[in-house]
Amino acid sequence: MSLLKATKDAVSPGGKYGVSKSESRDPIGLAVLALNKLAQSELIDRIGLRKQTERGVFNVTRSGFKAAGSASRAFARKGKKDVAGVRVPAANPTGIFDLTPSEDEQMLVDVVSDFAAEVLRPAAAEANEACVAPAELLAASLEIGLPILGVPESLGGISEERSAMAGTLVAEALAKGDMGLAVAALAPGSVATALSLWGSDQQQATYLPEFTGDAVPAAALALNEPTVLFDVLDPKTTAVKDGSDYLLNGTKSLVVRAAEAELFVVGARLNGANVLFLLESGSEGVTVEADPSMGVRAASLATLRLENVRVSADAVLGSTDGSTYLECVRLARLGWCALAVGTGQAVLEYVTTYVNERQAFGEPISHRQAVAFMVADMAIELQAMRLLTYRAASRAAQGKDFSREVALARKACADKGMRIGLDGVQLLGGHGFVKEHPVERWYRDLRAIGVMEGGVLV
């Protein structure tokens, strides 16, 4: 039983985040209590950084692998066909431009930030080299409820309203520890959230219980393709009607944890419109190839090849007019913006400490005007990225059109995020170019913001 489930009936004496059993607790509060219990558990102490299994994965990933899709668990079909699934309501608008997190959201951010600092940050360097996230770390991320943050409470999740704002805050906090590990931990939740937002009754009844149970499957979005100047709104992967089924053909790249994933949400072109399909990894014709990347290496990115993969008509997720696909892309971009803000914050804090401690000519280098101005510019751009991202997330949570807001946020995060990483390396000088300091890794990770479309979704 997960910490979250164990918490629902627990009597808490109060304390930092708890309330008594007689008091009401909203879903975010339950997650916070679960996180707090995790922080006090022995699970974190058991997380190791030098496991032979990681070394084996590193050796395989370094040389590359090619294998059929993972042996997927048997997802038993349940629920009713052609019946809309459960939907969480939109958040209530405040009527004013106020992006201050609620009390529960702030508590959630505080605890996830602790998790990122105490668990993700220490594991990041070796996970980057091994191109895989430690198994114990991923298990810990399940215990704190990441996969069910966007799942309706009635379906076993913790969401009472659309979770775009909470998801953005969580992604930012995790990325401050390490972007690659954050993406690896968030990937299953992206699929669970997609099912919650657009799944039918049958799809939700079939798949969501797996995400709310004790053995959460690895899962990922698959939107990117390895084509020059790839446009996510013009995918080359195709879906063709074949009797009552569809045949999927194409190649998807930068798929998170694809080698172990049991369920994918794949974007494809169907009759001139972009459509999402649910694809179980054990389907015939699915092949996964290792594709280690420049950054976000701990997310175990890989290529997914589809050759006449047959899926049933029930595999269509959401509408077939392109609207569901477009919303998915926008939410995925919003998630990457949040990751950019978190990583940018990590760079800023690391660099600020460095320039205040680094001595040159008898004084800290931060006393030099050129250095001070560069750090100030980083802080200004980072705050602009954050405000644009929060604004887009707030409108998404309220069910409003956020296309303009997310476009502005993505442009700022892609351009200014890269600038923050570049300046961070520059300010450290030679130290910024070596692996002894994490800034070079964060610089490589920030490059992903302008090219990644899937992987995370808020």
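Look at strand β7: Val-286, Val-288 and Ala-290 point one way, Thr-287 and Glu-289 point the other way, and all of them are buried. Buried here means under 20% relative accessible area, exposed means over 50%, and partly exposed is in between (1.4 Å probe, protein chains only). Strands are DSSP runs of E with at least two residues, helices are runs of H or I with at least four, and both are numbered from the N terminus.

A quick note on the model: it is predicted, so local features need pLDDT of at least 70 and side-chain atom pairs count only at pLDDT 80 or more, while totals for chains, interfaces and linings use all residues. Residues are numbered from 1 along each chain as its sequence is written, and side-chain values use heavy atoms, with hydrogens and water left out.

Back to β7 (residues 286–290): five of its five residues are buried, so the strand is largely enclosed by the rest of the structure. Its antiparallel pairing with β8 (residues 302–312) runs over five bridges; two strands pair if DSSP finds at least two bridges between them. Leu-304 in β8 is the bridge partner of Val-288.

Now for the salt bridges, 21 in the structure. Each is a side-chain nitrogen of Lys or Arg within 4 Å of a carboxyl oxygen of Asp or Glu. Here are some of them:

| Pair | N to O distance |
|---|---|
| Lys-176 and Glu-349 | 2.9 Å |
| Lys-416 and Glu-381 | 4.0 Å |
| Glu-453 and Arg-410 | 3.1 Å |

Glu-453 is buried at 5% relative accessibility, and Arg-410 is buried at 17%. Lys-176, by contrast, is partly exposed at 30%, and Glu-349 is partly exposed at 36%. Salt bridges also link Glu-129, Lys-435, Glu-440 and Arg-444 in a network.
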